[in-house]
Amino acid sequence: INTMFVLAGMVSEQLGGRSWEDLIQEEIFDPLDMTSSTFIYRSLPDLVGYATPYEHVNGTLTKSPWELFL
């Protein structure tokens, strides 16, 4: 977890009255027409072209479940 992003989220809620997710959605994703960007990993299978995490397991590059990175 990146502590500064957590802090930014907390500050945005206190000062702006909205969540970090809402702030980024409304101020960045929407103006840039980023319709395939999301904070909800469960919605990724419904999107096209999303990045998938991989890791080295016993010397082999292996697709990793999203839950490991939350």
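**Entry 1: terms and ground rules**

A salt bridge, as I use the term here, is a side-chain nitrogen of Lys or Arg within 4 Å of a carboxyl oxygen of Asp or Glu. I note that this is a predicted model, in which local features need pLDDT of at least 70 and side-chain atom pairs count only at pLDDT 80 or more, while totals for chains, interfaces and linings use all residues. Residues are numbered from 1 along each chain as its sequence is written, and side-chain values use heavy atoms, with hydrogens and water left out.

**Entry 2: salt bridges**

I looked up how many salt bridges the structure holds, and the count is two. In one of them, the side chain of arginine 18 meets that of glutamate 26 at 2.5 Å, N to O; arginine 18 also meets glutamate 27 in a salt bridge, at 3.0 Å from N to O. I therefore wrote down Arg18, Glu26 and Glu27 as a network linked by salt bridges. Side chains of opposite charge can pair when their charged atoms come close.

Next I checked how open these residues are, with buried meaning under 20% relative accessible area, exposed over 50%, and partly exposed in between (1.4 Å probe, protein chains only). Arginine 18 counts as partly exposed because its relative accessibility is 26%. Glutamate 26, at 40% relative accessible area, is partly exposed, and glutamate 27 is partly exposed at 47%.

**Entry 3: the chain as a whole**

I found two helices and two strands in the protein chain, where helices (H or I, at least four residues) and strands (E, at least two) are DSSP runs numbered from the N terminus. Along the sequence the pattern reads α-α-β-β. Of the 70 residues, 13% count as buried. The chain exposes about 5800 Å², and carbon and sulfur atoms supply 58% of that area, by the Shrake-Rupley method with a 1.4 Å probe, where for residues only the protein chains shown count as cover.

The 14 residues of H1 should span 20 Å, and because its end C-alpha atoms are 19 Å apart, the two values agree. Just after H1, glycine 17 takes a positive phi of about 70°.

Methionine 10 lies in helix H1 and is exposed, with a relative accessible area of 51%. The C-alpha atom of methionine 10 is separated by 7.5 Å from that of tryptophan 20, ten residues apart along the chain.

Is serine 19 buried or exposed? I found that serine 19 is buried, because its relative accessible area is 19%, and that it lies in the loop between helix H1 (3-16) and helix H2 (20-29). The side chain of serine 19 reaches the backbone nitrogen of aspartate 22 at 3.1 Å. Leaving aside its neighbours within four places in sequence, serine 19 is in contact (heavy atoms within 4.5 Å) with Ser12 and Glu13.

**Entry 4: the two strands**

Last, I turned to strand E1 (residues 54-57) and strand E2 (residues 60-63), which pair in the antiparallel sense over four bridges; two strands pair if DSSP finds at least two bridges between them. Tyrosine 54 stands opposite lysine 63 in E2. E1 and E2 form a hairpin with two residues between them, and in the turn asparagine 58 has a positive phi of about 50°.

Terms used. Polar contact = N/O pair within 3.5 Å; in protein donor to acceptor, adjacent residues only side chain to side chain. Expected span 1.5 Å × (residues − 1).
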